Amino acid sequence: MNKRNLGHWGILAVVVLGISGVVFSMHELDTQDRQTVRTTSKLHAKQTRQEIAYDALRSNQQRKHKKSALDKKNTGKKNPQFAARFTRNLKAKKFVGTALVVKNNKVVYQRSFGKANAKKHKANHPTSQFLINSIQKSMTGMLVMRAAQAGQLRLTDKLSKYYPQIKGSNQVTLRQMLDMEAGITGDLNPETTLTEPAVYQYASRQAKIKRSKINQFNYQPISYTLLAGILRQVTHESYYQLFYEHLVTPLNLNHTSFAQLKHPGTTIGYSGTVPGNYSQPHVPSAKDMAVQIATGNATMSAGDVFRTERAIIQGTLLKKASGAKQLHKSNSDTAHYAGGLYHLDRLGYFGHGVGDDYEGTFVLSRNGKTGVVLLSNNYYKRGMYPTWSTEDLALNTFRNIMAVKRLS
């Protein structure tokens with residue numbers, strides 16, 4: 001081999017080594033970046049968990065801890081025909097979770113099915129807590145109405161008053177956001193676990209307003225994330241503080257928490273294609289739960305959901321109860337979704353939430369005294385919808401119990 005060829009080979013070797021060095025350096029930087037993300041996420045998750053835990057402890061010290069009929073099993077002995085039929089319907093759906101039926105403020109049925117934690121051999125029971133997902137939006141809506149009655153904001157305020165950096169925010173109001181008619185879109189999928197203030201900053205960067213969608217119903221959770229950010233601006237309290245102070249404590253919600261706290265009463269979610277298979281457990285990630293603040297990271301028992309929605313509909317948590325009618329557009333014959341609640345004709349209101357292998361549905365009458373709550377921890381939408389969804393079962397059961405004066 002001549003000297004010229006040796007020179008070429010030498011140059012090639014240098015080039016190869018140089019490229020290898022660059023690739024190695026990039027790999028090292030990528031590894032360091034991933035490690036930084038993991039470390040930051042852990043720190044933020046811990047910080048948020050500690051803040052929520054403080055609010056939870058303070059609330060726990062202020063609450064009454066007596067059990068009521070909403071916390072106990074009821075097999076429906078006083079209305080055996082209804083109970084037997086409803087149980088058959090639940091079993092036909094292979095329902096895993098808690099089912100609650102209340103008529104005129106009296107519990108007529110409450111039973112739990114399946115496992116809360118299969119690995120620990122724990123069965124579901126009336127006080128088991130389930131991730132309620134989008135049902136939480138009705139609670140956020142009530143907190144917004146409280147702030148409005150306190151003079152801290154107005155429902156006619158433009159979004160630009162609080163987030164002027166969002167292009168087109170001067171075109172939409174808080175009222176439109178409450179009704180999912182603000183034309184706001186934006187996916188919330190950050191790379192790291194965010195603190196509460198960081199969630200609102202992130203949401204404001206992700207938010208886009210489509211003018212063609214304004215005044216049209218377009219379900220986008222980001223609207224309620226921004227509403228929570230506005231609550232923080234005007235009340236100077238965190239969303240978790242407001243939730244415990246104005247919901248959990250006054251209603252004595254002893255079976256309500258947040259996913260970040262990993263409360264011992266919280267169930268494990270299970271996926272699959274058919275309910276009753278516990279081979280695929282799933283725990284929601286800290287990253288997802290942080291960014292779902294105000295829109296779906298609370299955990300509740302069926303009884304606590306009923307207590308809360310009844311109070312929200314009746315307006316008992318507001319300075320003026322009439323604010324509930326304003327929030328939910330009770331006098332409207334055309335309203336579809338208002339303040340976090342869907343209208344069910346003129347019969348009542350309902351809410352539905354799905355995510356992280358949980359499904360929840362509640363339906364309550366206009367006076368808040370009669371309702372159905374179904375909460376499941378074994379529902380994977382992609383594999384189980386529509387066959388195993390119990391949303392229609394909840395709605396139809398509610399219609400049936402509203403149609404009769406007394407259950408047999």
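Here are some notes on a few helices and loops in this predicted model.

1. Ground rules. Residues are numbered from 1 along each chain as its sequence is written, and side-chain values use heavy atoms, with hydrogens and water left out. As this is a predicted model, local features need pLDDT of at least 70 and side-chain atom pairs count only at pLDDT 80 or more, while totals for chains, interfaces and linings use all residues.

2. Helix α3. Helices here are DSSP runs (H or I, at least four residues) and strands likewise (E, at least two), numbered from the N terminus. Helix α3 takes in residues 137–149 and reaches 19 Å from its first C-alpha to its last, close to the 18 Å expected; the expected span is 1.5 Å times one less than the number of residues. Of its 13 residues, 11 are buried (under 20% relative accessible area, with exposed over 50% and partly exposed in between, for a 1.4 Å probe and protein chains only). Among the buried ones are Met139, Met142 and Met145. After α3 comes glycine 151, with a positive phi near 80°.

3. Helix α7. This one, residues 239–248, has 8 of its 10 residues buried, so it is largely enclosed by the rest of the structure. Tyr239, Tyr240 and Tyr244 are among the buried residues, and His246 is another.

4. The α2/α12 pair. Helix α2 (residues 80–92) and helix α12 (residues 391–402) pack at about 165°, their axes 12 Å apart. Axes are lines fitted to C-alpha atoms, for helices over the stretch in contact, and angles run from 0 to 180 degrees between N-to-C directions. The two are therefore roughly antiparallel (over 145 degrees; under 35 is roughly parallel, 65 to 115 roughly perpendicular, the rest oblique). From α2, the contact (heavy atoms within 4.5 Å) uses Phe82, Phe86, Asn89 and Leu90, and from α12 it uses Leu393, Thr397 and Ile401.

5. The loop between α11 and α12. Tyrosine 385 and proline 386 are joined by a cis peptide bond, omega about 0°, and proline 386 sits in this loop. Serine 389 is in the loop too and counts as buried at 8% relative accessibility. Leaving aside residues up to four places away in sequence, serine 389 touches Lys93, Glu359, Tyr379 and Met384.

6. Asparagine 104 has phi near 50°, lies in the loop between β1 (97–103) and β2 (106–113), and is partly exposed at 48% relative accessibility. Aspartate 356 has phi near 55° and is found in the loop between β14 (348–355) and β15 (358–365). Most residues other than glycine have a negative phi, and most peptide bonds are trans.
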